[in-house]
Amino acid sequence: MMRQYMSGFTDVDRAADPRSFVRHLDEARSTDEIRAAKLRTFDILNVCKGSRVLDVGCGTGDDARALAEMVGKGGWVVGVDSSETMVLEARKRARECDLPLEFRLGDAHQMDFPDDTFDACRADRVFMHLEDPRRALSEMVRVARPGARIMVTEPDWETLVMAADDEAVAGRIVALIRNSIRQSRIAHCLPPLFKELGLLNVTVGAGTILMNDYQAADQAWRISKILEDAQAMGAVSATLAAGWVHHLEQTSRAGRFFSACTGFGVAGIKR
């Protein structure tokens with residue numbers, strides 16, 4: 001039952017509060033670790049003046065705007081997202097920008113671009129929400145020109161850990177988070193998938209986000225939202241969920257809370 005929660009980011013527009021996903025992306029992007037990680041991915045993609053770049057699952061378009069500034073007037077950046085809410089928000093944020101940038105509503109599994117179109121293709125924290133990651137990566141390979149760089153970055157939810165005064169509580173919450181993710185293992189499955197699809201010079205980078213504060217972890221891992229959905233599905237009672245949150249908050253105030261998750265950035269070159 002809990003895996004039904006993934007109708008969240010896979011179907012933002014049908015959620016009770018689609019704007020909550022916009023707020024979550026903004027909160028997640030506010031951390032220094034995530035901002036630094038994004039800049040590193042831009043370097044790996046070798047984005048430069050005149051590049052044509054595809055951002056799959058562009059969300060609110062912040063990354064696409066940054067890339068458009070990098071490619072300049074002679075380049076082109078396209079952000080694609082399956083959510084009309086996200087695409088409209090991305091267009092709104094880019095309205096005053098005089099950049100070679102556009103946002104399209106589309107499906108990562110079947111994109112409306114000719115073969116060999118882009119110099120670089122990226123997806124950041126998107127594949128974990130997809131029904132068929134292999135097909136989506138195949139599409140990225142198809143629309144990339146020979147010699148183009150392709151990069152996918154994902155958290156590996158199998159590496160998520162949490163420490164609190166009551167380890168049983170921490171363990172239950174970690175299990176709920178993992179089970180709420182459609183493709184919780186996709187991050188460490190990407191390297192062989194890149195090679196299977198014929199990409200060359202496949203490289204893997206890893207980074208771990210560390211959280212010593214419950215509120216920060218809640219922003220990153222969406223703990224309270226997942227507990228709300230667990231209640232709605234009958235997986236936990238409201239009393240139990242409230243008790244768990246209270247326990248984590250107390251542990252955090254006492255300086256004994258810790259959580260971490262490792263992500264992988266996988267890159268390759270189209271032959």
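Reply: The structure holds 0 disulfides, a disulfide being a pair of cysteine sulfur atoms within 2.5 Å. This is a predicted model, in which local features need pLDDT of at least 70 and side-chain atom pairs count only at pLDDT 80 or more, while totals for chains, interfaces and linings use all residues. Residues are numbered from 1 along each chain as its sequence is written, and side-chain values use heavy atoms, with hydrogens and water left out.

Cys58 is in no disulfide, and the nearest cysteine sulfur, that of Cys121, is 13 Å away. Cys58 is buried because its relative accessible area is 6%; buried means under 20%, exposed over 50%, and partly exposed in between, with a 1.4 Å probe and protein chains only. For Cys97, the closest cysteine sulfur is that of Cys58, at 14 Å, which is too far for a bond. Cys97 has 31% relative accessibility, so Cys97 counts as partly exposed.

Next come the nonpolar cores. A nonpolar core is a set of buried Ala, Val, Leu, Ile, Met, Phe, Trp, Tyr and Cys residues joined through side-chain atoms within 4.5 Å. The largest one has 57 residues, of which Leu54, Phe127, Met140, Met162 and Trp221 touch the most other members. Strand S5 (residues 144–163) supplies the largest share of this core, 7 residues. Strands are DSSP runs of E with at least two residues, and helices are runs of H or I with at least four, numbered from the N terminus. A second, separate core has 18 residues, including Leu45, Leu101, Phe103 and Ala267.

Leaving aside neighbours within four places in sequence, its partners include Trp157, Leu160, Met162, Ile177 and Ile209. Ser259, Ala260 and Cys261 are also among them.

Val266 lies in strand S7 (residues 258–269). Val266 is buried because its relative accessible area is 0%. Not counting residues up to four places away in sequence, Val266 touches Ile150, Met151, Val152, Leu190, Pro191, Phe194, Val202, Thr203 and Val204. The C-alpha atoms of Val266 and Cys189 are separated by 10.0 Å, although the two residues are 77 residues apart along the chain.

Leu210, in strand S6 (residues 200–211), has 48% relative accessibility and therefore counts as partly exposed.

Definitions and conventions:
Contact = heavy atoms within 4.5 Å.
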